[in-house]
Every structure is written in C-alpha cells, then in structure tokens.
Amino acid sequence: WHPNGTALAAGVNLNGKTGFRLFAFTTDRSTWIETSGNVLALSWSPDGTMLAGCLSSSPGYRYLVWDATTLAQVLAVEQETELDVYSVSWSPDSARLAMPGAYSVRIWDVKSATQVATLSEYDSNTESVDGVAWYLDGTRLLVAQHQVIRLWEVSSQTVLREYRLSDVTN
C-alpha cells in the first residue's frame, strides 16, 4: 500500500511476463511496469515518493527504485549472492534503503545513488540475514542473523549491542 492508502503495488508473473501493477484507487486506473525478473518484494518509501523492489535476476538479485510520479527508474543495484530474505527497507526519512544480502546488509543513499555502509558481522556462513528494521530516527538498524540480533549504528558501521536468542532464559 502507498502510505496515503490511495494506491497499491503488486508484483506479477503471468504467462511469462514479469513486472508489477500499480492500482490507483482515486482514478480507478492501473499501470503495468515490466521488469526483467520476478518481483520478490515491493516497498513504498515512507514519504510515498518512491517505490523499491527486489527482483530475481541472473546470477543473483537486483534492487530497483522508481520515482512514484514519473515511474522512471532512479537506482539499480546488483546483488550476486543468494538471498534468504526478500525485502527492501526504507529509512524513516525516505533517504536510504537497506538491502539485505546473504551475509550482510548494504545501505544506499537513494538520491546520490551511492552505497554509504555495509553491515556485516557473522561467525560463519550459516548466519545469513533473516531480517532488518530501522530505528525511528534512522541512525540505527536492527539486523537479525541466525539467532542473533545486532543493533548497528549506520554511520560508523559498528555494532552497538548484540542479543543472542540462545542466551534467553525463562
């Protein structure tokens, strides 16, 4: 859903055609956007000005960002590793995008189209990224990896706290 509730974006794979359809409920119209791979995840920016998607591609995955008004593509990032979680996560100010990979999370500044951080801290290749969540002010990011939750400070790319789920007692 668009943040103001007036539109819906849905990934589609029909008869070999892949893409997403935008349904605008205020005008009762829909728009088809074709993509070069299956749409695995879609996410509106909190301010509603952009739409991000995670798509399957060869040999890995592609993250794309479109301007919500013009539908022009404004960012494309290739990810060559296997993903365990198909998601894109916007910072609360709609400026940055967290893109989970197999063993790290890359943070991109969407307007400048530059990677600003890589968050990677794992004990072995079995600790793949399971999920991410931004803190309210956008300065920190929670990253869940194989029974470990780490609180990262994005600007310094350092772990502030670590919670091991195996340490939890009743």
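## Terms and basis of the model

Two strands are said to pair if DSSP finds at least two bridges between them. Strands themselves are DSSP runs (E, at least two residues), as helices are (H or I, at least four residues), and both are numbered from the N terminus.

The model described here is predicted; local features need pLDDT of at least 70 and side-chain atom pairs count only at pLDDT 80 or more, while totals for chains, interfaces and linings use all residues. Residues are numbered from 1 along each chain as its sequence is written, and side-chain values use heavy atoms, with hydrogens and water left out.

## The chain as a whole

The protein chain contains 15 strands and zero helices. Its radius of gyration, taken over C-alpha atoms, is 17 Å, close to the 15 Å that the globule rule (2.2 Å times the number of residues to the power 0.38) gives for 170 residues, so the chain is as compact as a globular protein of that length. Along the principal axes, the C-alpha trace spans about 50 × 35 × 35 Å.

Of the 170 residues, 42% count as buried; buried means under 20% relative accessible area, exposed means over 50%, and partly exposed lies in between (1.4 Å probe, protein chains only). The chain exposes about 9,100 Å², of which carbon and sulfur atoms supply 48%; this area comes from the Shrake-Rupley method with a 1.4 Å probe. Among the contacts (heavy atoms within 4.5 Å) with a separation of 6 or more, 31% are between residues 24 or more positions apart.

## Strand β5 and its partners

Strand β5 covers residues 50-56, and six of its seven residues are buried. With strand β4 (residues 39-44), β5 pairs in the antiparallel sense over five bridges. In this pairing, alanine 41 stands opposite cysteine 54 of β5. The two strands form a hairpin with five residues between them, and glycine 48 in the turn has a positive phi of about 75°.

Strand β5 also pairs with strand β6 (residues 61-67), again in the antiparallel sense, over seven bridges. Here alanine 52 has valine 65 in β6 as its bridge partner. A hairpin with four residues between the strands is formed by β5 and β6.

## Two serines in contrast

Serine 43 belongs to strand β4 and counts as buried, at 18% relative accessibility. Leaving aside residues up to four places away in sequence, serine 43 touches Met50, Leu51, Ala52, Val88 and Trp90.

Serine 155 is found in the loop between β14 (148-153) and β15 (158-164), and at 67% relative accessibility it counts as exposed. From glycine 53, serine 155 is 102 residues away in sequence and 24 Å away in space, C-alpha to C-alpha.

## Aromatic rings

The structure holds two aromatic pairs. Rings of Phe, Tyr and Trp (its six-membered ring) pair if their centres lie within 6.5 Å; planes under 30 degrees apart count as stacked, over 60 as edge-to-face and the rest as tilted. One of the pairs, formed by tryptophan 1 and phenylalanine 25, is tilted, with 5.4 Å centre to centre and 40° between the planes. Tryptophan 1 lies in the segment before β1 (7-14) and phenylalanine 25 in the loop between β2 (17-24) and β3 (29-34), so the pair ties together parts that are 24 residues apart in sequence. Tryptophan 1 is exposed, at 59% relative accessible area, whereas phenylalanine 25 is partly exposed, at 43%.

Arginine 140 lies over the face of tyrosine 135, at 3.9 Å from the ring centre. A charge sits over a ring if NZ of Lys or CZ of Arg is within 6 Å of the ring centre and within 35 degrees of the ring normal.
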